Amino acid sequence: QVQPVESGGGLVQAGDSLRLSCAASGRSFSGYGMGWFRQAPGAEREFVAFITWNESVYYADSVKGRFTISRDNGKNTVYLQMNSLKPEDTAVYYCAKHRRIYYYGSDYGGSAAYDYWGQGTQVTVSS
């Protein structure tokens with residue numbers, strides 16, 4: 001079992017940067033892809049970024065070029081570096097573990113592809 005726990009959220013101004021962390025318990029962390037999602041008030045949860053077990057990365061168009069996902073298997077941690085933040089990035093950010101070990105494919109953009117979720121961390125970007 002790999003249980004994610006997010007941290008690093010906060011209140012920042014437009015144009016600032018923030019780095020989110022997702023610490024995941026469990027000995028098999030390195031074999032699983034990890035994703036970041038976000039949910040703004042009144043909106044559905046949306047995909048942000050995904051990193052495979054072998055560190056291929058994928059991004060939503062809305063964050064491409066501004067956000068970077070990475071992982072440190074020695075620390076069982078996934079990061080989301082967010083630069084050039086915009087007010088529309090305001091949301092609760094969630095980290096999640098992909099269902100399938102050693103998965104490499106295109107099924108990473110929907111919530112159903114993940115089985116363990118963190119509690120979320122709030123990111124607020126003021127204009």
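Modeller: Let's start with a term: a residue is buried when its relative accessible area is under 20%, exposed when it is over 50%, and partly exposed in between. Keep in mind that we are looking at a predicted model.

Biologist: Happy to. Is R38 buried or exposed?

Modeller: R38 has a relative accessible area of 5%, so by that cut-off R38 is buried.

Biologist: Which residue does R38 form a salt bridge with?

Modeller: For a salt bridge, look for a side-chain nitrogen of Lys or Arg within 4 Å of a carboxyl oxygen of Asp or Glu. Here R38 pairs with E46, and their closest N and O atoms are 2.6 Å apart.

Biologist: How many salt bridges does the structure hold?

Modeller: There are five. One of them joins the side chains of R66 and D89, at 2.8 Å from N to O. R66 lies in the loop between β6 and β7 (67-72), while D89 lies in the loop between β8 (77-82) and β9 (91-101), so this pair ties together parts that are 23 residues apart in sequence. R66 is buried at 11% relative accessible area, and D89 is buried at 1%.

Biologist: Which residues are linked with R66 and D89 in a network of salt bridges?

Modeller: R38 and E46 belong to that network together with R66 and D89.

Biologist: And how should I read the salt bridge of D115 and K97: what parts does the pair tie together?

Modeller: Begin with the distance: the side chains of D115 and K97 meet at 2.9 Å, N to O. Then place the residues: D115 is in strand β10 (residues 114-117) and K97 in strand β9, so the bridge ties together parts 18 residues apart in sequence. Finally, check the accessibility. D115 is partly exposed at 27%, whereas K97 is buried at 3%.

Biologist: Now for covalent links. How many disulfides does a search of the whole structure find?

Modeller: The search finds one. C22 and C95 form it, with their sulfur atoms 2.1 Å apart. C22 lies in strand β3 (residues 18-25) and C95 in strand β9, so the pair ties together parts that are 73 residues apart in sequence. Both cysteines are buried. For handedness, read the torsion about the S-S bond: it is about -75°, so the disulfide is left-handed.

Biologist: Let's move to the surface. Which residues form a nonpolar patch?

Modeller: W53, I101, Y102 and Y104 do, with about 430 Å² of accessible area together. W53 is placed in the loop between β5 (46-51) and β6 (57-59), and W53 is partly exposed at 30% relative accessible area.

Biologist: How many helices and strands does the protein have?

Modeller: Zero helices and eleven strands.

Biologist: Last one: what radius of gyration does the protein have?

Modeller: A handy approach is to compare with a compact globule of matching length. With 127 residues, such a globule would be near 14 Å, and the protein has 13 Å, which agrees. The C-alpha trace spans about 40 × 25 × 25 Å along the principal axes. Of the 127 residues, 44% count as buried. For contacts, take those with a separation of 6 or more: residues 24 or more positions apart account for 60% of them.

Methods: Residues numbered from 1 in each chain as written. Predicted model: local features only at pLDDT ≥ 70, side-chain atom pairs only at ≥ 80, totals over all residues. Heavy atoms only, no water. Patch = residues over 30% accessible without salt bridge, like charges linked within 9 Å, V, L, I, M, F, W, Y side chains within 5 Å. Areas by Shrake-Rupley, 256 points an atom, 1.4 Å probe, with all protein chains shown as cover. Helix = DSSP H or I, 4+ residues; strand = E, 2+ residues; numbered from the N terminus. Buried < 20%, exposed > 50% of the residue type's maximum accessible area, 1.4 Å probe, protein only. Rg over C-alpha atoms; globule rule 2.2 N^0.38 Å. Contact = heavy atoms within 4.5 Å. Disulfide = S-S within 2.5 Å.
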